[in-house]
Amino acid sequence: MMHRLSRRSVSAALRAPVARYRVAVAAPIASSTSIPVSAEGSDNNIRWYSAITGGKCNTARYLAQLNLKNDLVLGSRYESTATASESGNPPPPPAEKYEYQAEVSRLMDLIVNSLYSNKEVFLRELISNASDALDKLRYLSVTDSQLLKEAVDLDIRIQTDKDNGIITIIDSGIGMTRQELVDCLGTIAQSGTAKFLKAVKESNDAGTDNNLIGQFGVGFYSAFLVSDKVVVSTKSPKSDKQYVWEGEANASSYYIREETNPENLIPRGTRLTLYLKRDDKGLAHPERIQKLVKNYSQFVSFPIYTWQEKGITKEVEDDEDPVEAKETGQDENVEKKKKTKKVVERYWDWELTNETQPIWLRNPKEVTTEDYNEFYKKTFNEYSDPLASSHFTTEGEVEFRSVLYVPAISPMGKDDITNPKTKNIRLYVKRVFISDDFDGELFPRYLSFVKGVVDSNDLPLNVSREILQESRIVRIMRKRLVRKTFDMILGISMSENKGDYETFWENFGKHLKLGCIEDRENHKRLAPLLRFFSSQSEDEMISLDEYVENMKPEQKDIYYIAADSVSSARNAPFLERLLEKDLEVLYLVDPIDEVAIQSLKSYKEKNFVDISKEDLDIGDKNEEKEKVTKEEFSKTCDWIKKRLGEKVANVNISNRLSSSPCVLVSGKFGWSANMERLMKAQTVGDTSTLEFMKGRRVFEINPEHPIIRELNAAFKSNPDDEDALRAIDLLYDAALVSSGYTPDNPAQLSGKIYEMMGMAISGKWSAFDGQHSASQTPQAETLEAEVVEPVQAGGQK
């Protein structure tokens with residue numbers, strides 16, 4: 001006998017392990033079976049489940065999909081000898097849908113204390129909300145003039161009570177109804193502005209421009225960064241009643257009531273009252289609020305007034321001292337001259353705080369140079385005019401407006417060249433200040449000296465609007481800002497007043513050289529801006545364009561030498577033959593110059609060549625002469641190499657010397673003498689790499705010099721002569737110093753020099769001095785002795 005199968009038994013049968021099967025004739029399966037709801041949710045309702053699908057179903061629809069009929073019999077059915085209860089695999093329960101739950105007080109704490117890194121931004125967020133309310137009113141009033149029936153100016157007013165730690169922000173915007181209070185302030189992360197923008201886009205006026213700021217729906221809760229309690233009193237022109245919203249920090253509930261106190265009624269808008277925390281009551285000082293408004297909301301399109309204490313000087317009568325009046329003894333009938341004094345009368349009044357207008361929103365043709373300079377000084381607290389400015393608007397895939405400046409002087413000790421965090425670029429979104437703390441997102445660090453403002457209506461910000469997220473939009477903005485900056489600097493270099501670019505180069509030349517190292521994409525823009533001294537211009541720097549113009553017709557490369565000063569470069573032995581051929585050589589005297597030039601590699605298809613390295617080609621090869629010279633001096637070179645040993649990699653005949661006997665050049669891929677000196681001087685340098693990066697040194701000799709010819713003769717006559725070998729050592733040490741290297745043992749070098757000097761001058765002046773002294777000493781008259789022969793007495797011998 002076949003039975004109707006329940007959903008559970010069918011599912012179990014299909015999933016049970018089968019040990020043995022037999023074919024049986026299938027009985028009709030009911031299309032569905034009613035299954036009571038479990039006890040947990042029992043409400044006497046019956047849910048219908050499909051015996052096949054195991055869930056809620058539309059029976060007819062599923063049967064149609066399976067192409068079955070109620071009385072259709074499945075062709076074959078397999079039955080297990082094991083019962084469903086013995087299978088041990090109960091069917092999964094039906095899936096149930098749940099809504100996310102949140103601990104509201106904990107969520108509020110996360111929003112308030114995790115999104116914002118700086119407490120001061122609470123005022124920026126609340127002013128932005130007030131600005132949005134005013135913008136909404138202005139937009140809606142175009143079609144409904146009744147919204148402006150209350151003749152109230154569209155503005156924002158901030159009043160403080162520093163004694164009690166209370167800040168009140170009042171706007172005359174659109175206000176909120178009771179339901180809007182619940183929707184906007186009672187629902188976390190629901191943005192009334194975002195909903196409004198969505199409605200605008202869906203309307204026929206989708207193309208209408210708007211300046212609404214809010215987008216995330218959490219800006220209001222930033223008030224709890226500094227407040228224990230927040231009270232919102234609001235009046236919408238759509239409602240006859242004024243409502244009050246009241247909430248406390250770390251609370252999971254809020255209160256809404258109708259405003260019944262006549263003194264607290266407002267014609268339209270919103271009044272936000274913050275009761276500050278004990279540690280944050282200093283924010284309620286009027287001057288502090290004014291400073292925050294100027295920093296964050298200076299360019300909001302609506303006027304912002306702050307309640308400030310002011311003073312007016314008046315002259316008042318000075319009450320005369322009665323004792324003094326008695327001493328004067330003046331007659332009462334005599335008219336007395338009234339005494340006055342100046343006093344300052346204190347009073348409180350509203351003061352417009354955001355006076356400076358956003359200059360970047362104006363047409364550049366209507367803005368004068370004086371306007372740009374004044375804006376620069378006020379915004380960046382500078383006292384001198386900038387060297388140049390650039391005002392532009394970028395449209396297309398990314399739209400933003402910007403005003404950039406090149407300062408006239410570099411900051412004195414404030415910013416290091418390698419520090420990108422200079423706070424020189426101020427980012428605004430819809431005229432609201434977002435941040436000036438960037439780590440290379442908008443400008444590379446070598447352009448960190450550029451100052452300016454960037455304002456965009458749509459930027460990829462995080463919820464706190466403090467961090468600019470990395471994205472393709474940001475990369476496009478960065479590329480366009482950098483390009484405009486190069487155009488501005490190029491304009492300075494092409495100015496008729498050459499002193500402007502000299503001033504710029506003196507202050508920021510190192511920054512551009514750093515750019516050659518770090519920014520390969522902009523090499524073509526950086527190279528024309530570089531300036532160097534040269535062998536033909538030691539007093540005035542020249543550009544690479546000027547060097548290329550002065551090149552000889554047969555010259556293929558741009559020659560340079562790196563040294564610590566112009567004087568050292570001028571007297572280096574590497575230049576001798578090039579100067580004879582009137583070839584110009586760039587002097588790289590700044591420590592960063594050599595690395596910058598090596599990074600550029602070439603300019604206008606002319607390679608940069610270091611004349612202090614081996615294999616120098618100056619285009620005057622004479623193969624026959626070289627062949628003869630090489631045959632004559634090849635063995636001498638081998639002899640010198642054998643004496644110097646591992647000190648040099650090779651000894652070659654030089655084509656760059658004319659007056660010096662020898663020179664020590666570096667290998668093609670190693671450090672030059674100048675770079676080796678700089679790396680040794682690094683405070684935190686890695687000395688373990690010095691030996692590796694020194695590279696090979698090549699000792700080049702000048703075959704036309706008398707000393708080298710004497711050594712050649714010495715090799716041919718007596719290669720083991722000690723004097724000749726000592727001369728080789730001294731030549732190497734002298735070449736080491738003249739080529740810019742540092743000798744490993746200066747004392748030993750000094751000893752060799754003293755020894756050679758002793759040999760050269762030994763007896764040269766002392767012998768002459770002895771002869772001269774002898775000639776000057778007076779000698780006694782020489783008396784010749786007379787020889788007297790003995791004689792005998794009587795006169796006989």
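Predicted model: local features only at pLDDT ≥ 70, side-chain atom pairs only at ≥ 80, totals over all residues.
Trainee: Which residue does the side chain of Glu 755 meet in a salt bridge?

Mentor: Side chains of opposite charge can pair when their charged atoms come close. Here the side chain of Glu 755 meets that of Arg 726, at 3.3 Å from N to O. Because Glu 755 lies in helix α23 (residues 746-761) and Arg 726 in helix α22, the pair ties together parts that are 29 residues apart in sequence.

Trainee: With which other residue does Arg 726 form a salt bridge, and where do the two lie?

Mentor: Arg 726 also pairs with Asp 723, their closest N and O atoms being 2.3 Å apart, and both residues lie in helix α22 (residues 722-738), 3 residues apart, which is about one turn of the helix. Arg 726 counts as partly exposed at 26% relative accessibility, and Asp 723, at 41%, is partly exposed as well.

Trainee: Are Glu 382 and Lys 451 buried or exposed?

Mentor: Both Glu 382 and Lys 451 are buried, and their side chains meet in a salt bridge of 2.3 Å, N to O. Glu 382 lies in the loop between α10 (369-380) and β13 (388-394), whereas Lys 451 is in strand β17 (residues 451-456), so this pair ties together parts that are 69 residues apart in sequence.

Trainee: Which way do the side chains of strand β21 point?

Mentor: In a regular strand the side chains alternate between the two faces of the sheet. In β21 (residues 585-588), Val 585 and Tyr 587 point one way while Leu 586 and Leu 588 point the other way, and all of them are buried. Strand β20 (residues 558-562) pairs with β21 in the parallel sense over 4 bridges, with Ala 562 opposite Leu 588. Strand β18 (residues 531-534) pairs with β21 in the antiparallel sense over 2 bridges, and there Phe 533 has Tyr 587 as its bridge partner.

Trainee: How many residues does the largest nonpolar core have, and which have the most contacts inside it?

Mentor: In soluble globular proteins, nonpolar side chains tend to be buried together. The largest nonpolar core has 74 residues, and those with the most contacts inside it include Leu 512, Tyr 559, Ile 561 and Leu 586. Helix α11 (residues 472-493) gives the most to this core, with 8 residues. Apart from this core lies another, of 54 residues, among them Ala 130, Ile 156, Leu 292 and Val 403.

Key
Residues numbered from 1 in each chain as written. Heavy atoms only, no water. Buried < 20%, exposed > 50% of the residue type's maximum accessible area, 1.4 Å probe, protein only. Pairing = 2+ DSSP bridges. Core = buried A, V, L, I, M, F, W, Y, C linked by side-chain atoms within 4.5 Å. Salt bridge = Lys/Arg side-chain N within 4 Å of Asp/Glu carboxyl O.
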